[in-house]
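Colleague: Please show me the model before we discuss it. I would like to go through the helices and the salt bridges.

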Amino acid sequence: MATQTAGGSGRTTSTYIDLDYITSNDFSPHQHANNLVLATNNPSDPTIDLTTPLSRVLFDLQEIDSHIHTLTSRSALDILTYTSTQNAAAQRILGKVEEERRRLTESYARLENEVLVRHQRAVDAKLTAQRSLEAIQLGRAVQRILGLARQFDTILADSGLGAPGKLGKEDHSSLVRATLLILALRDAMSGSDGAQLGRVNMVKTLRGKVFEDGEAKILDFARRVVREFSMSTLSSSTHAAGGATAGPTFREAEQSRARFSSATHILYLLSPAPRIDGEKMSRKDFEPEYLLRALQSYLQTAITSSSATIGRALGQLPMLDRALLEASARCQNVVALEVLLRGISPPEHPLLQAKESASVEESDSGEEDDTAAPTNESSSETFLTLLLNALDTASLPSYFWRSLASSLSSRVSEILNRGGVSARTLKSQRDTVKAEIRDCVLRGSRMPKTVVLGDARATANGEEPVGNWEREAAVMVQSVVGPLGR
């Protein structure tokens with residue numbers, strides 16, 4: 001193999017092998033092998049001899065190996081010197097890096113001790129302080145509920161509610177204060193700490209055995225007062241003939257009014273007023289369920305009793321005078337109820353949004369003239385307004401007579417369908433029955449002025465008509481006499 005020396009370089013290069021081609025990035029072993037096969041064989045020859053190209057490749061490999069050996073042998077000292085120099089430089093760099101790493105590790109350890117450890121201690125101290133604050137707040141809330149329970153129990157005991165021999169003698173003003181304590185408990189239990197308070201055994205015990213039991217007693221008292229309401233407890237008139245007292249004194253009548261007013265306040269305040277999305281319910285959305293239910297039950301009882309009494313009396317006309325007298329007395333009770341409810345305004349409810357909030361929002365908008373009307377409307381709202389809206393009627397006596405009239409038509413039809421003496425007597429006495437029913441409506445629509453005005457200066461025997469009774473009398477007469485003319 002022919003070789004030559006490159007000038008002054010001390011290196012030999014082969015003129016037989018194209019080293020530039022073999023070491024180039026475009027070198028392809030497949031293309032090189034194909035070139036060798038084509039160079040040593042005739043393309044038109046059907047047989048191919050691979051021995052010669054294989055020998056050529058092996059020879060080239062030996063030549064390259066020999067060339068590498070020659071270069072490394074002659075340049076061994078330079079290679080070792082370069083390698084030693086690079087190794088020494090790498091060792092120096094590694095030493096510097098190790099020193100910096102050790103210093104960085106020490107700095108991090110010192111920083112961790114000075115910052116991270118102290119930060120963790122601060123986090124633990126903060127958590128401890130927060131838990132202590134929550135425990136203190138929860139303890140204060142429990143202490144407040146305990147104080148409410150003590151006041152509630154004391155007021156309930158002093159009021160005489162449920163005490164033997166004191167039926168109807170309960171201190172109604174104390175019961176209203178006890179109701180406010182119940183609302184204070186509800187407000188605390190529905191607040192942000194309500195869930196935590198509900199897990200305290202003492203709160204559970206007080207809530208169940210003190211407040212819930214007491215609330216049931218207070219509600220029973222208020223409902224009983226409404227259920228037993230009668231005009232005889234309000235009228236302080238005297239008998240015209242003998243001058244004997246026909247009812248309670250003026251002082252007793254005023255106490256009865258105050259007792260009834262307290263009962264309605266209790267029912268209004270204890271009616272459910274749940275929070276909506278964590279916010280207190282607005283006053284306009286609040287519906288006093290307990291109050292409306294008790295008053296509606298009172299009216300329904302009066303209507304049902306009157307309907308049953310008059311229905312039986314229509315089959316036995318000698319009993320009609322007494323039945324109509326009882327119905328007129330019940331209507332007078334309804335009239336007295338309407339007068340009382342007209343003078344009772346809803347109290348401030350702690351679980352409802354305050355009136356001032358709405359006024360402040362409207363005043364901020366700059367519409368001062370428009371804010372006066374809603375305020376006057378809300379201030380003029382009474383329990384009578386709430387009841388009339390719930391019953392969808394204009395007055396309670398009208399509701400009483402029209403409901404009674406709607407139930408009497410079916411009873412008259414039953415008497416006529418049975419026939420006999422009762423039906424014939426009822427038809428023959430048609431005019432008498434008509435006159436008596438009109439008188440009944442007239443009596444039921446009048447009541448003593450002392451009940452209407454609540455004033456002792458009113459005349460003892462004076463009576464005050466309430467509402468337009470002629471229309472209601474016509475409705476009542478038609479409900480009874482109408483089926484008789486068919």
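**Helices, contacts and salt bridges**

Modeller: Helix α5 is mostly covered, with 13 of its 18 residues buried; buried means under 20% relative accessible area, exposed over 50% and partly exposed in between, with a 1.4 Å probe and protein chains only. This is a predicted model, in which local features need pLDDT of at least 70 and side-chain atom pairs count only at pLDDT 80 or more, while totals for chains, interfaces and linings use all residues. Residues are numbered from 1 along each chain as its sequence is written, and side-chain values use heavy atoms, with hydrogens and water left out.

Colleague: How many helices and strands are in the chain?

Modeller: Helices (H or I, at least four residues) and strands (E, at least two) are DSSP runs, numbered from the N terminus. Buried residues make up 34% of the 486 residues. The count for the chain is 18 helices and four strands.

Colleague: What share of the contacts in the chain with a separation of 6 or more comes from residues 24 or more positions apart?

Modeller: A contact is a pair with heavy atoms within 4.5 Å. For contacts in the chain with a separation of 6 or more, the share from residues 24 or more positions apart is 73%.

Colleague: What is the reach of α5 from its first C-alpha to its last?

Modeller: The expected span of a helix is 1.5 Å times one less than its number of residues. For the 18 residues of α5 the expected value is 26 Å, and the reach in the model is close to that, at 26 Å.

Colleague: Are α5 and α8 roughly parallel or roughly antiparallel?

Modeller: The axes of α5 and helix α8 (residues 250-270) come within 9 Å and cross at roughly 10°. Axes here are lines fitted to C-alpha atoms, for helices over the stretch in contact, and angles run from 0 to 180 degrees between N-to-C directions. Angles under 35 degrees count as roughly parallel, over 145 as roughly antiparallel, 65 to 115 as roughly perpendicular and the rest as oblique. The crossing therefore makes α5 and α8 roughly parallel.

Colleague: How many nonpolar, polar and charged residues does the contact of α5 with α8 have?

Modeller: On the α5 side the residues include L175, V176, L183 and R186, and on the α8 side they include A258, R259, I266 and L270. Ala, Val, Leu, Ile, Met, Phe, Trp, Tyr, Cys and Pro count as nonpolar, Asp, Glu, Lys and Arg as charged, and the others, Gly among them, as polar. By class, the contact has nine nonpolar, five polar and two charged residues.

Colleague: Which residue forms a salt bridge with R186?

Modeller: A salt bridge is a side-chain nitrogen of Lys or Arg within 4 Å of a carboxyl oxygen of Asp or Glu, and the whole structure has 12. In this pair the closest N and O atoms are 2.5 Å apart. It links distant parts of the chain, from R186 in α5 (residues 172-189) to a partner 29 residues away in helix α7 (residues 201-227).

Colleague: How far apart in sequence are the parts tied together by R402 and E472?

Modeller: R402 and E472 form a salt bridge whose closest N and O atoms are 3.1 Å apart. R402 lies in helix α14 (residues 396-418) and E472 in helix α18 (residues 469-481), so the parts tied together are separated in sequence by 70 residues.

Colleague: Which residues are joined with R402 into one network?

Modeller: R402 is partly exposed at 39%, whereas E472 is buried at 5%. Salt bridges that share partners join R402 to R471 and E472.

Colleague: Which helices do the buried residues of α14 pack against?

Modeller: The buried residues of α14 include F400, W401, L404, L408 and I415. They pack against α9 (289-315), α10 (320-342), α13 (383-391), α15 (420-428), α16 (430-444) and α18.

Colleague: What is the phi of D392?

Modeller: D392 sits in the loop between α13 and α14 and is exposed, with 70% relative accessibility. D392 is not a glycine, yet its phi is positive, at about 55°.

Colleague: How far apart in space are R438 and A474, C-alpha to C-alpha?

Modeller: R438 is in helix α16 and is partly exposed at 29%. Not counting residues up to four places away in sequence, R438 touches W469, E470, A473 and V477. R438 and A474 are 36 residues apart in sequence, and their C-alpha distance is 7.7 Å.
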